[in-house]
Amino acid sequence: MRVLLTGASGGVARMLRPLLAASGLQLRLSDLQPPDDLQAGEDFMAADLADAAALAPLVRDMEAIVHLGGHSVEGPWATILKANIEGCYNLYEAAFQAGVQRIVFASSNHVMGFHERGDKVDAERMLRPDSRYGVSKAFGEALGALYADKFGLRITNLRIGNVAPAPVDRRRLAIWLHPEDLCQLILIGLRHPDIRYETFYGMSDNARAWWDNRRAQAFGYRPRHRSEDHAARVLAVAEAPDPIADRFQGGAFCSQEHPHPPGVPKP
Ligand SMILES: NC(=O)c1ccc[n+]([C@@H]2O[C@H](COP(=O)([O-])OP(=O)(O)OC[C@H]3O[C@@H](n4cnc5c(N)ncnc54)[C@H](O)[C@@H]3O)[C@@H](O)[C@H]2O)c1
């Protein structure tokens, strides 16, 4: 399968590129700049997702897209608007025009950040974004629904927790995603015959999870990595309390810019 990987110079792509290539995919990499560890034989094309005209050559002859590109944390509205809202729209429209059949979208747990940690949420629950970044990922998910329902693309949204070789703090014991498990979720999105429009949580086998990922399991997802194997090490480290971040699933994205006045959710 010929697959375009956007955001190919980012941190997640650095972990994923070898795993996806080993799965037999023919990758075309794209980003603003080439990855600093670009290997001989890797196919790279520079493009700004905010430049609609630049995307037609990028998607030509591609069967699918793994869309990681964009601004990956909270940021000013102008930045989020260009990279994540206009960028996502430009890419989906170019994909449709070029006959690309599938897209796997790197959404984020931050579309659900203001759900409380005690609550277990599935993909059907109401969106509660915790940031402009989270809102932009909600836009990407909604855009995917439009291109699936109206134009027949097969779309998989992955609400990614935190991709890393191991969880590094308490929150990440709940939301951690090992790169191999992320690769497994992406391959389901790229290959499963019954994908039309799906949203899965991007997490490994996490006993402390706040998310119900039965929908991913129904499509065959069997995470191989368990955050609990790292719990003793993580829990041995003291963490500074933050009443807002500690209450909500989005953590520090919830407390960032939070005015804490009367009338807003208080711990
Ligand atoms: N890292 C995580 O654990 C995590 C968690 C949830 C969601 N995600 C999502 O997964 C994706 C990858 O995350 P990451 O950690 O590798 O982020 P990253 O910031 O390391 O990589 C994102 C890449 O997108 C590129 N990019 C930004 N704006 C662009 C534009 N206008 N045109 C083309 N390329 C552009 C950047 O140059 C960068 O290389 C992002 O969409 C992020 O929101 C990541």
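Tutor: A contact means heavy atoms within 4.5 Å. The model here is predicted, so local features need pLDDT of at least 70 and side-chain atom pairs count only at pLDDT 80 or more, whereas totals for chains, interfaces and linings use all residues. Residues are numbered from 1 along each chain as its sequence is written, and side-chain values use heavy atoms, with hydrogens and water left out.

Student: Which residues does H110 touch, not counting residues up to four places away in sequence?

Tutor: H110 touches R128, P129, D130, S131, Y133, G134, R171, G250 and F253. H110 is found in the loop between β5 (102–108) and α4, where helices (H or I, at least four residues) and strands (E, at least two) are DSSP runs numbered from the N terminus.

Student: Is H110 buried or exposed, and with which side chain does the side chain of H110 make a polar contact?

Tutor: Buried means under 20% relative accessible area, exposed over 50%, and partly exposed in between, with a 1.4 Å probe and protein chains only. H110 has a relative accessible area of 6% and is therefore buried. A polar contact is a pair of N or O atoms within 3.5 Å; within protein, one must be able to donate a hydrogen and the other to accept it, and residues adjacent in sequence count only if both atoms are side-chain atoms. The side chain of H110 makes such a contact with the side chain of D130, at 2.6 Å.

Student: How should I read a helix, taking α6 as the case?

Tutor: The expected span of a helix is 1.5 Å times one less than its number of residues. Helix α6 (residues 179–191) has 13 residues and should therefore span 18 Å, which agrees with the 18 Å between its end C-alpha atoms. Because 11 of the 13 residues of α6 are buried, this helix is largely enclosed by the rest of the structure; among the buried residues are P179, D181 and C183.

Student: How many disulfides are there?

Tutor: A disulfide is a covalent bond between the sulfur atoms of two cysteines, and the rule applied is a pair of cysteine sulfur atoms within 2.5 Å. By this rule the count is zero. C183 counts as buried at 6% relative accessibility, and C254 counts as buried at 2%.
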